[in-house]
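Here's a quick tour of some charged side chains and the partners they pair up with. Take a look at the sequence and the model first.

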Amino acid sequence: TSIDDLQTIEEIGFMIGDMLRVSLGFDVNKLSVNYKELHRTRCILEHLKELNIECETKDYLIENIDKASRITDAFDRGEIKPIAAHNDPKFKHFLFSKNEKKPQVIINVDLIQPGIGLYDFASSVIHTCNDVSFDENDVYQSVDFNLSKFAAFLKGYLKVTKYLLSKTEKDLLGNSLYAIACEASALNLIKYVQGGSEVRLSKAK
């Protein structure tokens, strides 16, 4: 399923931005960390590097490990503050009002833990702005990124966050889409090699 109405997409972007605004006032020390490997991009790619598999995707990911890890590296240096991150803000996790094209609340909160707001932004963007359903079985039809949808999403998001994001976060906003795509590719390769649905990382912090 995909969303085509640009006003609805702008409202989703606004809600993701507002979710960041609200989370900034929450004490992340009160949250437990249940998924240590979640969005640890460098850690995930370093683990992939160790696995006995040869393919072009792996070669590409390892060659670009520094580019893909810019956000988590900045986070580790303390340049990005942790927030109460949702970690799975797909549009199908929004409940909409019956008569308006407006999301009212986000559900599926089991992955909330201290994390990086840019990954919530990126995760929501790739699910909202992809014209092809994520249930598509044909891998060659699985990506069709719609720039008009992205512009609408970004417009809504920045209405809330343009004065909340740090300079580092603004500089890395575009990189977040690249980072999360590389991370997802690496995780799928690791799952394939390990033969399971869960990823076991030897270097998760």
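Is R40 buried or exposed? At 13% relative accessibility, R40 counts as buried (buried is under 20% relative accessible area, exposed over 50%, partly exposed in between, with a 1.4 Å probe and protein chains only).

## Before we start

This is a predicted model, where local features need pLDDT of at least 70, side-chain atom pairs count only at pLDDT 80 or more, and totals for chains, interfaces and linings use all residues. Residues are numbered from 1 along each chain as its sequence is written, and side-chain values use heavy atoms, leaving out hydrogens and water.

## Salt bridges

R40 pairs up with D76 in a salt bridge, with the closest N and O atoms 2.9 Å apart (that is, a side-chain nitrogen of Lys or Arg within 4 Å of a carboxyl oxygen of Asp or Glu). D76 is partly exposed, at 43% relative accessible area.

The count comes to nine salt bridges. Another one of them joins E10 and K159, at 2.6 Å from N to O. Here E10 is buried at 9%, while K159 is exposed at 51%.

## A buried glutamate

What about E183? This residue is buried yet has no salt bridge, and R40, the nearest side chain of opposite charge, is 8.4 Å away (Lys and Arg count as positive, Asp and Glu as negative; His and the chain ends are not counted).

Leaving aside neighbours within four places in sequence, E183 is in contact with H39, R40, T41, I44 and Y119 (contact means heavy atoms within 4.5 Å).
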